[in-house]
Amino acid sequence: MPSPDWSAPTAAGPLHARVVLPGSKSLTNRYLVLSALAGDVSRLRAPLRSRDTLLMAGALRTLGVGVEDVDDGDWLVTPGRLVGGGVVDCGLAGNVMRFVPPLAGLADGPVRFDGDEGARVRPMAPVLEALRGLGVEVDDDGRGGLPFTVRGRGSVRGGTVTIDASASSQFVSGLLLSAARFDEGVTVRHDGKAVPSLPHIEMTVETLRDAGVVVDDADVHTWRVEPSEVNALDVQVEPDLSNAAQFLAAALVTGGTVHVPGWPQYTTQGGDFVREVLDMMGAEVVLDRSGLTVTGGDGILGVDVDLHDSSELTPVVAALCALADSPSVIRGVAHIRGHETDRLAALRAELSGVGADVQETDDGLRITPKPLRGNYFRTYHDHRMVMAAAVLGLATPGVVVEDVGTVAKTMPEFTSLWDRMLHERVAAGA
Ligand SMILES: O=C(O)C1=C[C@@H](OP(=O)(O)O)[C@@H](O)[C@H](O)C1
Ligand SMILES: C=C(OP(=O)(O)O)C(=O)O
């Protein structure tokens, strides 16, 4: 059932807001998987609670892992013997569909995987093939995607596999995350076009090392995880920097200032690249111990930008490009045709619908700004399409966003945070 439409609010003037962001999806889900494999109880502090992380917690519970809410908003994760017999709902979450099957190989019986209709067409085959190569039996209907069954036998041999990870970095991350508990560990080699979202693989490597696992990533296309125990974690989840993009973009669109406290000085989150993009587009961007402050100027500069490493940013950056003073090119993101929806097609259709001149290229978009007008903005079950529409709406009256609830994939509180940000401008200007 789709949720209601939402009229994206316009900004009456420059914003002056401070936005406290929820935790990172990618870190929360990695910590959950590692905690499930650990030797003791882990504590995740300030985890993201959104559809994708609740689905991950649900998947772990299906496998017999305890994930308990504690009063202060933390999650306590109690590992146990991994049990088969259940069904994992992947929703539309890439993390769940790519990270949990290797874990399910360690369960003591079959685990069935399915998800949203849109998840059934997301790329998955290299993970299933790799699992077979590592000694895990997987039944699927021959298409190499959801639905499928992983026939866990309580242990996984492991070893060396070669995969083509050009469709998603998550293929590599998923295999690495559970591999310390495989008898022989794992060596994953990539053979194919460039792997997208490499910072996400660095994040996987770093979180494994935080849990005491030995990883060799000295060669750019090969990752080796040694078999070992996994240490319990006690970790503070960083704010989600990709989900910061739309709030920071609002500073640029309105010529105002948006401050995000708690921005890490060092991070493996690919979303950190938003600082560079906003700088290229004419914002003043200051990172200091208080957090990140972005201030917009008189206009928005068009850009020629490669988002291969940080492709989650594409929808919001595309919206900014439609509001810019000069044409833009977004490159390096062919693989986002396999994200929540075909994002290149969706952005072309919806940005064109509000009046921009948008062309799809082989690996991105060419966007020539035109005077924009309000329109119905379809969201294709894609949280980041809602976020992109909200950015357009700041400067374009009459943007009506389809199925706004789909934003709950990573940010259930999006519309209230957005309204609060706009309201703060009134308070500061009063
Ligand atoms: O490992 C992760 O947590 C993610 C990796 C990236 O996937 P792709 O490599 O498929 O782009 C990113 O876009 C996704 O939102 C999250
Ligand atoms: C591509 C994304 O998600 P997923 O983890 O489902 O791949 C995203 O959040 O932009």
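**Helix α6 and beyond**

Mentor: In α6, the buried residues are H200, I201, M203, T204, V205, T207 and L208. Keep in mind that this is a predicted model.

Trainee: What covers the buried residues of α6?
Mentor: The cover includes α1 (25–37) and α5, along with β12 (215–216) and β13 (222–225).

Trainee: How many residues does α6 have, and how far does the helix reach?
Mentor: Helix α6 runs over residues 198–210, which makes 13 residues. From first C-alpha to last it reaches 18 Å, close to the 18 Å expected at 1.5 Å a residue.

Trainee: And which residue with a positive phi follows α6?
Mentor: G212. Its phi is near 85°.

Trainee: Switching to ligands. Which residues come nearest to ligand 1?
Mentor: S26, S168, S169, S197 and H200, out of 13 residues around ligand 1.

Trainee: How does the shell around ligand 1 divide by class?
Mentor: One nonpolar, 11 polar and one charged.

Trainee: Now ligand 2. What surrounds it?
Mentor: A93, G94, N95, E312, H339, R384 and T410. By class, the shell has one nonpolar, four polar and two charged residues.

Trainee: Which domains does the shell around ligand 2 draw on?
Mentor: Domain 1 (6–22 + 239–429) and domain 2 (25–225), with at least three residues from each. The shell around ligand 1 likewise draws at least three residues from each of these domains.

Trainee: How far apart are the domain centres?
Mentor: The C-alpha centres of domain 1 and domain 2 lie 29 Å apart. For contacts, 18 residues of domain 1 meet 23 residues of domain 2. The domain 1 side of that contact has four nonpolar, 10 polar and four charged residues.

Trainee: Last topic, the cores. Which residues touch the most other members in the largest nonpolar core?
Mentor: L248, A318, L320 and V391, in a core of 73 residues. Helix α11 (residues 383–395) gives this core its largest share, nine residues.

Trainee: What does L248 touch, leaving out residues up to four places away in sequence?
Mentor: V258, V260, V274, L278 and V294. Apart from that core lies another, of 72 residues, including V100, I163, F182 and V186.

Methods
Residues are numbered from 1 along each chain as its sequence is written. Chains are lettered from A and ligands numbered from 1 in the order in which they are written. This is a predicted model: local features need pLDDT of at least 70, side-chain atom pairs count only at pLDDT 80 or more; totals for chains, interfaces and linings use all residues. Domain bounds come from an automatic or database domain assignment. Two residues are in contact if their C-beta atoms, placed from the backbone, lie within 7 Å. Ala, Val, Leu, Ile, Met, Phe, Trp, Tyr, Cys and Pro count as nonpolar, Asp, Glu, Lys and Arg as charged, and the others, Gly among them, as polar. A residue is near a molecule or strand if its C-beta atom, placed from the backbone, lies within 6 Å of it. A nonpolar core is a set of buried Ala, Val, Leu, Ile, Met, Phe, Trp, Tyr and Cys residues joined through C-beta atoms within 7 Å. A residue is buried if 20 or more other C-beta atoms lie within 10 Å of its own, exposed if 12 or fewer, and partly exposed in between; C-beta atoms are placed from the backbone. Helices (H or I, at least four residues) and strands (E, at least two) are DSSP runs, numbered from the N terminus. The expected span of a helix is 1.5 Å times one less than its number of residues.
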